[in-house]
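Here is a brief report on one protein chain. Keep the structure open while you read.

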Amino acid sequence: MALAFVTVFFLACNNDESKKNTNKGVVERVEQKQVLEFGFDVEEYEFKRDTVKKGDTFGIILERNNIGYPKIFQIAEKSKDTFDIATKLQVGKPYTLLFSKEKANDSVQKPTTFIYQQNLEDYVVIDFKDSIQAYKRTKPITYVEKTATGVIENNISETLEKKGLSQKLAFKMADDIYAWTIDFRRLQPGDRFKVIYTDKYINDTIYAGVHDVKAAYFEHNGDSLYAFEFKTDSIKNIVDYFSEDAKNLRRAFLKMPVKFGRLSSRYNLKRRIAYYGYKVRPHKGTDFAAPVGTPIMATANGTVIESTRRGGNGKYVKIRHNATYSTQYLHMKAQNVKKGQYVKQGDVIGWVGMTGNTGGPHVCYRFWKNGKQVDPFRQKLPEAEPISDSLKVKYLDYIKPIKKRLDDIFFLETEPESIENTITEGNNTDIQ
Ligand SMILES: [Zn+2]
């Protein structure tokens with residue numbers, strides 16, 4: 001255990017040099033360096049680790065460890081501004097008790113410190129060795145930039161899995177970056193991609209998953225689609241993906257109001273229905289079949305102008321997006337919004353049902369442009385937030401070297417160990 005800590009400490013302190021050494025399998029001991037965990041010297045303390053069990057409270061845990069009640073109240077009182085012990089211990093979360101290695105005259109061992117880990121990064125220290133102190137700390141986070149490529153044989157998940165890459169890259173590309181431009185259920189064999197992304201590590205050692213995708217390139221059906229992440233508003237922290245010519249890849253409208261639904265009937269002005277003796281019954285909506293209870297999402301930001309039940313429509317919601325566009329969602333089991341409410345793209349506004357005239361559970365999605373119902377699939381939908389002219393110059397400058405990097409990546413069978421930029425977040429002194 002101690003050796004591991006030594007190595008980590010070494011990594012964090014000496015950066016590149018040590019990283020090279022460790023990668024080669026050369027583990028060097030650091031001479032005379034203090035090794036800290038949660039800010040405490042591992043030579044000085046015994047670390048007793050456990051997890052919060054059902055019924056555990058701060059008091060019960062300390063009592064079990066030979067701390068008596070007047071003292072527990074005192075500790076709780078003094079630390080309550082930092083951490084309210086009575087309400088905040090969650091079952092299953094790890095905690096650590098520290099015991100001084102110095103032999104006390106007392107035969108009964110008593111802890112000096114209680115450390116509670118709220119998540120992988122954040123922890124609270126309640127120290128009662130001498131005076132009582134309570135404080136919060138965050139473990140140092142490191143982001144490591146990596147690149148990856150893949151060629152689709154069947155689907156993206158399989159391609160990622162074969163290369164040992166995180167599925168989060170697929171979600172990121174399918175749901176965030178290319179959700180509006182590529183249908184990931186219809187990828188073709190031979191479609192291929194490159195990504196520049198960052199992995200997150202806690203204390204340089206604990207892998208905490210894919211953090212972010214900085215840039216991507218996707219070849220689909222012979223089209224080349226670049227995507228670059230760019231912050232357009234640093235105050236509101238608005239980040240979007242843009243193409244190489246600064247077009248927002250996100251559209252003002254989602255393609256569908258349900259995440260997993262089957263397009264069961266398209267907008268069709270010449271539809272004939274057997275039930276009506278094959279007479280023309282135009283269908284001005286687009287139907288998505290999905291099980292009862294499937295969440296229905298607002299396809300764009302807007303204000304709810306109707307949330308009611310009427311005739312064949314059943315329970316429905318209508319949203320006005322701007323002077324040009326409105327959308328309507330029919331046959332809901334129940335609505336989740338009220339008239340006058342402002343909703344954002346992706347918000348759940350109701351659930352799929354069978355109210356009104358319908359043969360099976362589906363949402364009938366109606367798309368209104370200038371007061372007329374049109375086929376949403378034939379609209380050239382506006383981009384979500386176009387880049388401002390002043391930012392555009394900055395953006396094009398910013399992506400130049402990143403695009404070159406993307407272009408220089410070869411499609412490989414296996415990914416090379418590519419540690420290029422390591423960014424460690426400051427403001428932390430604690431090394432575990
Ligand atoms: Zn319909």
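The sections below go from the overall build to single residues.

## Overall build

This is a predicted model. The protein holds seven helices and 25 strands. Of its 432 residues, 44% are buried.

Taking contacts between residues at least 6 apart in sequence, 63% join residues at least 24 apart.

## Zinc site

Three residues of the protein donate to the zinc ion: His-283 through NE2, Asp-287 through OD and Cys-364 through SG. These donors lie 2.0 to 2.2 Å from the zinc ion. Their spacing in sequence is H-x3-D-x76-C.

His-283 has a relative accessible area of 5%, so it counts as buried. Asp-287 is buried as well, at 9%. The cut-off for buried is under 20%.

## Nonpolar cores

In soluble globular proteins, nonpolar side chains tend to be buried together. The largest nonpolar core here has 24 residues. Within this core, Ile-156, Met-173, Tyr-178 and Phe-218 touch the most other members. Helices and strands both contribute: α5 (156–162), α6 (168–177), β9 (192–202), β10 (206–220) and β11 (223–233) each supply at least two residues.

What does Tyr-178 contact, leaving aside its neighbours within four places in sequence? The list includes Met-173 and Phe-184. Ala-216, Tyr-217 and Phe-218 are also in contact with Tyr-178. So are Leu-225, Tyr-226 and Ala-227, along with Leu-249.

Strands of a sheet pair through backbone hydrogen bonds, either parallel or antiparallel.

Look at β4 (residues 94–100) and β5 (residues 113–117). These two strands run antiparallel and are joined by four bridges. Tyr-95 stands opposite Tyr-116 in β5.

## Two sides of helix α3

Which residues of helix α3 (residues 69–79) are buried? They are Ile-72, Ile-75 and Ser-79. These residues cover an arc of only 65 degrees around the axis, so they sit on the same side of α3.

The face turned away from that buried side carries exposed residues. These are Pro-70, Phe-73 and Lys-78.

Most residues other than glycine have a negative phi. Ala-246 has a positive one, near 70 degrees. This residue is found in the loop between β12 (238–242) and β13 (262–265). Ala-246 is buried, with a relative accessible area of 6%.

His-331 also has a positive phi, near 65 degrees. Where does His-331 lie? It is in strand β20 (residues 325–335). His-331 is buried, with a relative accessible area of 5%.

Terms used:
Residues numbered from 1 in each chain as written. Predicted model: local features only at pLDDT ≥ 70, side-chain atom pairs only at ≥ 80, totals over all residues. Heavy atoms only, no water. Buried < 20%, exposed > 50% of the residue type's maximum accessible area, 1.4 Å probe, protein only. Core = buried A, V, L, I, M, F, W, Y, C linked by side-chain atoms within 4.5 Å. Contact = heavy atoms within 4.5 Å. Donors = N, O, S within 2.8 Å, 3.2 Å for Na, K, Ca; no water. Pairing = 2+ DSSP bridges. Arc of directions from axis to C-beta.
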